[in-house]
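Reader: I would like to learn how to read a structure feature by feature. Where do we begin?

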Amino acid sequence: MAARLNTSLHNALSLLNPFNTPLNTKAFYSRNTFRFSKKLQSLSGKRALYCTSSSLGSQENGVDGAETFVLTTPLYYVNAPPHMGSAYTTIAADSIARFQRLLGKKVIFITGTDEHGEKIATSAAANGRNPAEHCDLISQSYRALWKDLDIAYDKFIRTTDPKHEAIVKEFYARVFANGDIYRADYEGLYCVNCEEYKDEKELLENNCCPVHQAPCVARKEDNYFFALSKYQKPLEDILSQNPRFVQPSYRLNEVQSWIKSGLRDFSISRALVDWGIPVPDDDKQTIYVWFDALLGYISALTEDNEQQNLETALSLGWPASLHLIGKDILRFHAVYWPAMLMSAGLNLPKMVFGHGFLTKDGMKMGKSLGNTLEPFELVQKFGPDAVRYFFLREVEFGNDGDYSEDRFIKIVNAHLANTIGNLLNRTLGLLKKNCESTLVVDSTIAAEGVPLKDTVEKLVEKARTNYESLSLSSACEAVLEIGNAGNTYMDQRAPWFLFKQGGVSAEAAAKDLVIILEVMRIIAVALSPVAPCLSLRIYSQLGYSLDQYNSITWNDTKWGGLKGGQVMEQASPVFARIELNPEKEEEEKKPKVGKKTGKAKVKVEQTPTVAEA
Ligand code: MSP
């Protein structure tokens, strides 16, 4: 069925703009930022000013002088509790936020829930709840999961918050006043799960949505439309002049080809959906969920006790430095959203990064498909560090990645329990036995002429550049390589043997322990964005307080933090090794026979880990 647009009611426009909002035609400006004034967005082919910064941009106007870095996760639909796929974006965002904080930036990490629309109303009804109760409950389960996963967000916005509604309405009025909203009939095929009208050509057999594998339904509605087509040229210009706007680069091609194939206006209201924000001056229609939810990135910036208007919100941190999203919602973020912002005369975010999917048997894991992995269960079984580390290390950020419990256990045991945890344990054991748990000399002195120091410095730099470019898996790999280098040093130097020899050999062995512990300290700092609790445990065994851990910065990855005389804690495993089942455990153990490992074990019940949301 071909979508048909009837623009005969175009003139109904004049009925709108209920607020007669005086439009501020001045765009907000910050360096390295897109900005649009009304003149520039007159769509006559004039160029938008845009940023040319080569890496993730920050604003240089933090209140206390620090650069501000604003990043967002998508606002999650509350049709069902979170699953591992939704947690994935948030884990990645949290690691990026933690890394940016280590760089000394003032980070505003925004997440939240998307609570309006047909999909939510239907799932509330199916659960015998009214929509508001349902939203409260599910939104709360997101917060609970973020707590379990050590997600340190700064703002949690719900699209049912009154402050959000006020900002959506103000934004709508701006777009309307710019002449970009009109009324028309629409007929097409709708995917309720995507909350989107689909083009026939993108559908599978029987008009099935390719993402949700469910048939789309024929709909005919009288709606308000946003004049997206007017923004074709400005969008093309933005992307060609600043290709880093969409990341990874292969997603840019996708976006460019959508735009090239011709942008069509999209409907921004629903006549058949009550559960939403009423269209200003027409309470028979509600605002389309995407035209509502995207504004959450701005409304989240406001404080509850402050004046709730667009201008105030924008002044508190807009534009965002980074929107982190899954690839399925790229079109909304890289096409619709920038066009909406241009229409309202607002700055564009600096970057949209579309990551891949976590899959189960090759299919996108999702609430609608019912093939999800239960994150609460996973965290309970394995702890937040293991879950965070596994998904960030195992899945190349940007690509899809499949989950298997065997692989999970293998990776976290090998990397976190053995390479990192065990190295610390062995070293502290030797230090206690031979040096009364006290460092004999400063780590800088201990490392004089030792090539390991240079190796570690290079790997730290590699980790930093990878974190900066959002290559999170490679960042984890670089940190693990530091651990490998430490283990190699330990094995080559064999300090346990040198201690037995006594004299200068024992003195050298005591220095070796300082060197390895300094390596551990650097690992703790460099791994802290990904595995914050594990890093804290390492840090406290090295004799530091919680306050000292909380004040670390990326500068602390420099060699030389540990000083002579510092007293270490007793060795106790910082990461509990996961035991699969007796047979697999035996297999895992084989190559390590004869080593004193001091491992702790977590017994894994062989319960299925795939649960339907
Ligand atoms: N509500 C919209 C977003 C509005 S943002 C203003 C939405 N919500 S969602 O709950 O369906 O999805 C939220 C995010 O979770 C999306 O980025 C989506 O890609 C991500 N994931 C959902 N399932 C996923 C996987 N199986 N794997 C990785 N991420 C996936 O879309």
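Author: Begin with a definition. Helices and strands are DSSP runs, numbered from the N terminus. The model itself is predicted.

Reader: Which element gives the largest share of the shell around the ligand?

Author: Strand β2 does, with four residues.

Reader: How many residues surround the ligand, and which are the closest?

Author: A residue joins the shell if one of its heavy atoms lies within 4 Å. Here 23 residues surround the ligand. D114, G326, D328, L358 and M365 are the closest.

Reader: How much of the ligand's accessible area does the protein cover?

Author: On its own, the ligand has 660 Å² of accessible area, and the protein covers 97% of that. The elements giving two or more residues to the shell are β2 (68-77), α1, α7 (289-293) and β13 (322-326).

Reader: Now the whole chain. What do the totals say?

Author: Count the elements, then the burial. The protein chain has 21 helices and 19 strands. Of its 613 residues, 58% are buried. The chain exposes about 24400 Å², and carbon and sulfur atoms supply 49% of that area. Then take contacts between residues at least 6 apart in sequence: 78% of them join residues at least 24 apart.

Reader: How do I read strand pairing?

Author: Follow the bridges, then the direction. Strand β5 (residues 181-191) and strand β7 (residues 217-226) run antiparallel and are joined by 10 bridges.

Reader: What lets charged side chains pair?

Author: Side chains of opposite charge can pair when their charged atoms come close. The count here is 27 salt bridges. In one of them, the side chains of R101 and D154 meet at 3.2 Å, N to O. This pair links distant parts of the chain, 53 residues apart. R101 sits in helix α1 (residues 84-102), and D154 in the loop between α3 (131-148) and β4 (155-158). R101 counts as partly exposed, at 27% relative accessibility. D154 is also partly exposed, at 37%.

Reader: Why are E165 and K169 separated by about one helical turn?

Author: Because they are four residues apart in helix α4 (residues 162-177). E165 is partly exposed, with a relative accessible area of 27%. K169 is partly exposed at 22%.

Reader: Are E518 and R521 buried or exposed?

Author: Both are buried. Their side chains form a salt bridge at 2.9 Å, N to O. The two are three residues apart in helix α18 (residues 503-527), so about one helical turn separates them.

Reader: Which residues are linked in a network of salt bridges?

Author: D94, R98 and R388 are linked in this way.

Notes
Residues are numbered from 1 along each chain as its sequence is written. This is a predicted model: local features need pLDDT of at least 70, side-chain atom pairs count only at pLDDT 80 or more; totals for chains, interfaces and linings use all residues. Side-chain values use heavy atoms; hydrogens and water are left out. Buried means under 20% relative accessible area, exposed over 50%, partly exposed in between (1.4 Å probe, protein chains only). Contact means heavy atoms within 4.5 Å. Accessible areas come from the Shrake-Rupley method with a 1.4 Å probe; for residues, only the protein chains shown count as cover. Two strands pair if DSSP finds at least two bridges between them. A salt bridge is a side-chain nitrogen of Lys or Arg within 4 Å of a carboxyl oxygen of Asp or Glu.
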